[in-house]
Amino acid sequence: MDLLLQLAINGIANGSHYALLAIGFGLIFATTGIVHFAYGPLYALSAYFVWMSVAWLGLPFVAALVAGVAASTVVGMLAYLWLHRPFERNQSPAFVVMIVSLGLFIVVENGIGIVFGTDTKVLEEVTYGIHFVGDAVISELQIAQVVALVLIGAALALFLKLTNYGKAVRAMTDNPDMAAVIGIDTVRISVLVFAIGSAIAAIPAVLVLIKDGATPAMGFSAVFVAFVAVIVGGLGSIRGAILGGLLLGMVENLGMWKIPTEWQSSIAFVVLFLVLLLRPNGLFKGQ
Amino acid sequence: MSDEPGPILVAEALSVGYGKKTVVDGVDLRLDRGEVLLILGHNGAGKTTLMRGIFGLIKPRAGRVLHDGADITGRRPAENVMAGIAFVPQGHGIFPSLSVRENLDLGAFAVHDTAHIPDNLKIVFEMFPILAERAGQVAGTLSGGQQQMLALGMALMHRPRVIILDEPSIGLAPNLVATVMQSVKTINQRFGTSILMVEQSVSYSLPIADRTVVIKTGRKVYDGPPAALEDRVELIKYF
Amino acid sequence: MEYLIHILVMMCLYVILSTSFNLVVGSAGLFALSHAAFYAIGAYASAILIIDVGLPFPLPLLIGALFTAAIGAVAALPALRIGGHYLVIVTLALQVIVLAFLINAQAITRGPAGISGIPRVELFGLALDSPQRFLPLAAFFAAFCFWIAWRLTESPFGRALRAMREDEEATKAIGKNVVYMKLSAFALSAGLASVAGALLGRYVSFISVESFTIEETIYVLAMVILGGTGNLWGSALGAVILVSLPELLKFVEMPAEIADKVRQILYGILLIVMLRLRPEGLIAEVSRAAQRLAPVPAGEVPVPAIAAATPAGEITVSGRGLSKHFGGIRAVEDFDIDLTAGTITGLIGPNGAGKTTAFNLITGFLPPTAGTISFRGRSVAGRKPHEIVRAGVARSFQDLKLFTKMTVLDNVLVALPRQSGDGVLSVFFRPFRVRAEETANIARAVEVLRFVGLEDKAGETADNLSYAEEKLLVIARLLATEAEVLLFDEPLSGLAPTTLEEIFPVFRRLAAAGKTICIIEHNLDVIKRLCDTAIYLDEGRALRKGTPEELMNDPELAGRYFS
């Protein structure tokens, strides 16, 4: 019973991490149609940026965090403007856009490896405590992951519902052609969602940096999980992305009750397979 | 700017196409201030492509588009909206997942001077009471006719001086078509809005047109008074 | 010198990988990211079969290929049915799970340490334990795999694949099973990739997961993009170039781990730059010229053959209570229709009335919300479009959907039914039959072109045709399906009166030969002169049925539609 509780806690915490990744990736994908593979390495880059600010530049953690989010936002916007926009102007087919994104993926991933090396970077300065729930343990970091999801999810929902730009994002997601017709600057909105999506990605990046440390390979698994969560939850739905991420986290961890740890990542594939077989539109699509 | 002489919208030798194909080939068009210009033609003639080329959704490959004498060829739709040109695309140009009210609000999205928007909303609700009734309803669940009214309402939200309409009657019952045509005429007469309208329902659209143009396989084959086309035998010649 | 030979061996392996990847990404137009996984499965399956089961060369390689192809097929099937982004994520997931399996299933795969000590191939008593000795074997397999991919792309299957890549809906409408096609291309590609894996194990005597990461897939992708998607010689060239390129890097001084990363950064940049500047690759896809045509006898051209015709006067297609709703929109509502053999029925009504939707319902392109459709007494509800076409009901599209990058002849040729060459197995195991059929089919295609008057344009690429010629080609392609029920969606809009006069006899002769024809048209003169009966459709409902004269003289319809 306690094992189950522990697994559930881990599931919600991990699920929150996946959900945050899914929100950023899903927002970009739903609005612009771009499968932003480089999202993974850029997420990794923000972790490295924060680490570098503390370890090499000696900044206090909070300042480094802010710098990390800012850097991530700027890089995300540039990735769209300098890389994707020229192809969009050419009306390149979707698979060209994906290959270009893969190109950026591999450049950034290896760039990180060259600049920072492949050893795991940790932030010893930042420590956190743990709390007990019965015999199960919940760390403050896990609490932070859940809180981050709640705050960011709520903020994004309010932004989309209430602000003009938010409405423009929803309009573009719903009917891109009509969005252009009513005069929405689709380029500006695309830059906006790349900015927001990248900024959001910086948060789970920093939390993982604190928890496990940063490695160049962390980008691939991040974008992979985000992509799966978005598909499972239903393309084009922020709510779906969150629920998809949470579901993946829960299934992965609860699955460990019976399945050996090494097979964790395979669980994602199995869930995906089932979803595609039974409900290809995703589990939580619609409103 | 508003009472200058000369046409409000001009297309000069406009050619528009996709990839290798030139769909619209050297078409000249003139929309006079306050008039309703009707564009007719067979399916696949290039009428929609022509409208989208004028509005800037597709970059023309040759020719010019002039608005009040200024060259607006191929410029972004956002700028056209801000200059007072609206476009109502074919097939219910609405945002299906958003509510009726959100759709209407988006119609005025590109407008910076927001003072008139509440008045415009009142006008839209007055012309199409059904939209007021269903303001909170998700737009995708409206019937075809209601969605078309919503699309028209969206165009009105920024009180444009020119409205380009692409087959507003498509898929509608005859009485609804009559209502839509009547609404278009009312907009034209009440606000002096110049209307550029593509239609295929000849019997309902011809009566409200001031002038008619027929497009056949990408070229203009007729440009003149609608009366001459009322004879079906004459009309068939151009299709 | 030995090092140079080693490079040549690696080139052979990568030619296999890039050519097989090109089949999927280039020829079939499927974006998949699992190629390294198949490379891995081939390597591991072969190594395990050699070491643990003791099978002699070349059995492990062949069994491994079949095994890999099967895995590829099973994994991709759900995604192939859906298409697009789903295939990307499923193949990505396959990559992840295969690697996870290889690392974790230690009992079988020896885990992260990899499998070492793989015995060398022994041929005629000679162990192939050096690059010089291995090269002939590698080159043989490279040539063989290349030939397999080549044979496939040049076959009728390859032609259908190119059509599918251009327009999937139109390809379904000519009776091709696109899911089968995608699956076959994908499985074959996986099998070929696994051959490279098996060879790698035999060559280096050691395999581990490090060689089979996602970065490896991107490396092979770079070869395909560099060389040219859809051109197999191109991807072979890409392999040669990208295997030699890193060797040039060796002249620059840098530590080993950095060198590898720099190499990969260069591939990434290469991908982006190539797609920006020359997306078709170094060697663009070849546009195929027309085949040599046999001389055609003069005189009246007989109507192209019909399969099992229904006697004239009998009902072939029957629909009752058909409805199709999209959200709040009722595109078709309670629609009844009967089409009779030997007659031409007109479907008229305003745009948006539901006419094309009705065609979509009858031919399986859309499932009805309610109602039944049957063909010759048997229900076709739930059947896929290509099955319905093969049964005998085919349609054309209002927006033409011609295969613009293919020749006029190929557009018709690809639509001919019952081609053994559409099946992958026949392409390889019954080549003579496929070749004989192809010759006969070319003659049949020319006949169809003569019937509509397009035989002079047989060698033209479809996008070079005039508007009228395009409309004729649409008719020809539909005829080529040999379906007995032909549904034409606005076949004649925009044609000059003189052209119409030439085309009318085509329709009449088809009807006289017993075909069932239904035409959607707006031109009422056409309806009057061609159609035996007409249905007036408005707001999704069939409001009136009768002869064209009856409909046009109906006062209510005159108000609604006829000006």
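**Reading a helix crossing and a domain contact**

Mentor: In this predicted model, the axes of helix H5 (residues 140-162) of chain A and helix H6 (residues 164-174) of chain A cross at roughly 85° and come within 5 Å. Local features need pLDDT of at least 70, side-chain atom pairs count only at pLDDT 80 or more, and totals for chains, interfaces and linings use all residues. Residues are numbered from 1 along each chain as its sequence is written, while chains are lettered from A and ligands numbered from 1 in the order in which they are written.

Trainee: How are H5(A) and H6(A) oriented to each other?

Mentor: Axes are lines fitted to C-alpha atoms, for helices over the stretch in contact, with angles from 0 to 180 degrees between N-to-C directions. Angles under 35 degrees count as roughly parallel, over 145 as roughly antiparallel, 65 to 115 as roughly perpendicular and the rest as oblique. H5(A) and H6(A) are therefore roughly perpendicular.

Trainee: Which residues in H5(A) and H6(A) meet?

Mentor: Contact requires C-beta atoms, placed from the backbone, within 7 Å. Phe159(A), Leu160(A), Lys161(A) and Leu162(A) of H5(A) meet Gly166(A), Val169(A) and Arg170(A) of H6(A).

Trainee: How is chain C divided into domains?

Mentor: Domain bounds come from an automatic or database domain assignment. For chain C it gives domain 1 (2-210), domain 2 (312-392 + 483-563) and domain 3 (405-482). The C-alpha centres of domain 2 of chain C and domain 3 of chain C are 26 Å apart. Domain 2 of chain C and domain 3 of chain C each bring 12 residues to their contact.

Definitions and conventions. Helix = DSSP H or I, 4+ residues; strand = E, 2+ residues; numbered from the N terminus. Contact = placed C-beta atoms within 7 Å.
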